[in-house]
Amino acid sequence: MSQVQEIYKDDEFEGLLEDARMNAANDWEENFVSDLSSKYAEFGRRMFLSDAQREHLERIASDE
């Protein structure tokens, strides 16, 4: 697990969340992105992100 600030530069994570929100294709993806967004709003760039969460988020954001 790593903090967002260790993985992404500046507002890169916010853009990724927005892309994922726009590309979410089902309820699970929408809830997943919403949960991450809520945690990011609470903890900011200090938020922890697991490797699995990162992979899911990047997959959804890239619309694969």
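Here, buried means under 20% relative accessible area, exposed means over 50%, and partly exposed lies in between (1.4 Å probe, protein chains only). This is a predicted model, where local features need pLDDT of at least 70, side-chain atom pairs count only at pLDDT 80 or more, and totals for chains, interfaces and linings use all residues. Residues are numbered from 1 along each chain as its sequence is written, and side-chain values use heavy atoms, with hydrogens and water left out.

1. Let me start with helix α4, residues 51-61. Helices (H or I, at least four residues) and strands (E, at least two) are DSSP runs, numbered from the N terminus. Leu57, Ile60 and Ala61 of α4 are buried. Viewed down the axis of α4, its buried residues fall within an arc of 95°, so they line one face of the helix; the arc is that of the directions from the helix axis to the C-beta atoms. Asp51 and Glu55, on the other side of α4, are exposed.

2. What covers that buried face? The cover over the buried residues of α4 includes α2 and α3 (27-43). The next three points take the helix pairs in turn.

3. Helix α2 (residues 12-23) packs against α4 at an angle of about 60°, and their axes are 7 Å apart. That makes α2 oblique to α4: angles under 35 degrees count as roughly parallel, over 145 as roughly antiparallel, 65 to 115 as roughly perpendicular and the rest as oblique. Axes are lines fitted to C-alpha atoms, for helices over the stretch in contact, and angles run from 0 to 180 degrees between N-to-C directions. The crossing of α2 past α4 is left-handed, a term used if the near helix is turned anticlockwise from the far one by less than a right angle, with right-handed used if clockwise. On the α2 side, Phe13, Leu16, Leu17, Asp19, Ala20 and Asn23 meet Leu57, Glu58, Ile60 and Ala61 of α4; contact means heavy atoms within 4.5 Å. The residues of this contact of α2 with α4 comprise seven nonpolar, one polar and two charged. For these classes, Ala, Val, Leu, Ile, Met, Phe, Trp, Tyr, Cys and Pro count as nonpolar, Asp, Glu, Lys and Arg as charged, and the others, Gly among them, as polar.

4. Between α2 and α3 the packing angle is about 155°, with the axes 9 Å apart. The two helices, α2 and α3, are therefore roughly antiparallel to each other. Their crossing, α2 with α3, is left-handed. Phe13, Glu14, Leu17, Ala20, Arg21 and Asn23 of α2 make the contact with Glu29, Val33, Leu36, Ser37 and Tyr40 of α3.

5. The axes of α3 and α4 come within 11 Å and cross at roughly 120°, again in a left-handed crossing of α3 and α4. Trp28, Glu29, Phe32, Val33 and Leu36 of α3 make this contact with Gln53, His56, Leu57, Arg59 and Ile60 of α4.

6. Ala20, in helix α2, is worth a look. Is Ala20 buried or exposed? Ala20 is buried, with a relative accessible area of 0%. Setting aside neighbours within four places in sequence, Ala20 is in contact with Val33, Leu57, Ile60 and Ala61.

7. Finally, two backbone details. Asp10, in the loop between α1 (4-7) and α2, has a phi near 35°, a positive value in a residue other than glycine. Asp10 is exposed, with a relative accessible area of 62%. Just after α4, Asp63 takes a positive phi of about 60°.
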